[in-house]
Structures are given as structure tokens and as C-alpha cells.
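Welcome! Please take a look at the sequence and the model below, and then we can walk through them together.

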Amino acid sequence: MDPCQQNTLITLLSNAISARLTTDQLAQAASLLTQLGTTLGFLATQRAFCEEEAKKGQAPPLELTDQELPEGDAQILY
């Protein structure tokens with residue numbers, strides 16, 4: 001999908017969603033999706049950085065296991 005098609009699809013999806021939500025629901029959805037996008041971008045950047053450092057032999061690759069998480073948070077990985 002080229003960038004123009006992607007932009008059109010996102011715009012159409014946004015309009016369809018916004019037509020079915022109240023103003024408060026729309027603001028909440030926008031906030032949640034913005035946080036999701038920001039967090040995913042951060043994780044992708046961290047993964048790339050750690051992988052590059054591991055290639056240089058300067059740091060072990062980043063691996064997160066469920067043993068490193070508090071009890072209730074382990075389900076997030078699945």
C-alpha cells in the first residue's frame with residue numbers, strides 16, 4: 001500500500017469511527033490510540049538500538065520474559 005492509499009484509508013476509518021462516538025468517547029479513543037502508537041514506536045526504537053548494540057558486542061540482546069514481570073503483568077506478553 002502506498003502512502004497516499006494508507007492516508008486515505010486512515011482518514012476514512014477515522015471518519016467512520018468518529019461518526020459513531022460521542023465527543024468524550026472520541027477524545028478518549030484518540031488519547032488511547034496516541035499512547036499506543038507512541039509506546040509501539042518507543043519499543044521499536046529500543047529493540048533496534050539493543051539489536052545494534054548486541055551486533056557490536058557491547059550489550060546483550062534485549063529479551064523480556066514473563067519471569068521478569070510482576071505476577072499480574074505476565075499475561076501482557078501472551
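## A patch on the surface

Which residues form a nonpolar patch on the surface? In this predicted model, the patch is made of L33, L36, L40, F42 and L43, and together these residues have about 520 Å² of accessible area. One of them, L40, sits in helix 2, which covers residues 23-55.

## Two helices

Let's step back to the overall fold. The protein chain contains two helices and zero strands. Helix 1 takes in residues 3-18, and its 16 residues should span 22 Å at 1.5 Å a residue; the end C-alpha atoms are 22 Å apart, so the two values agree.

Helix 2 has 33 residues, and the distance from its first C-alpha to its last is 48 Å, close to the 48 Å expected at 1.5 Å a residue. After helix 2 comes G57, with a positive phi near 80°.

## Burial and exposure

How much of the protein chain is buried? Buried residues account for 4% of its 78 residues. The chain exposes about 6,900 Å², of which carbon and sulfur atoms supply 59%.

C4 is exposed, because its relative accessible area of 59% is over the 50% cut-off. C50 has 15% relative accessibility and therefore counts as buried, the limit being under 20%.

## A salt bridge

Side chains of opposite charge can pair when their charged atoms come close. The structure holds one salt bridge, and it links E53 with K56, whose closest N and O atoms are 3.7 Å apart. Is E53 buried or exposed? E53 counts as buried, because its relative accessibility is 14%.

Terms used
Residues are numbered from 1 along each chain as its sequence is written. This is a predicted model: local features need pLDDT of at least 70, side-chain atom pairs count only at pLDDT 80 or more; totals for chains, interfaces and linings use all residues. Side-chain values use heavy atoms; hydrogens and water are left out. Buried means under 20% relative accessible area, exposed over 50%, partly exposed in between (1.4 Å probe, protein chains only). Patches are made of residues with over 30% relative accessible area and no salt bridge: like charges are joined within 9 Å, nonpolar side chains (Val, Leu, Ile, Met, Phe, Trp, Tyr) within 5 Å. Accessible areas come from the Shrake-Rupley method with a 1.4 Å probe; for residues, only the protein chains shown count as cover. A salt bridge is a side-chain nitrogen of Lys or Arg within 4 Å of a carboxyl oxygen of Asp or Glu. Helices (H or I, at least four residues) and strands (E, at least two) are DSSP runs, numbered from the N terminus. The expected span of a helix is 1.5 Å times one less than its number of residues.
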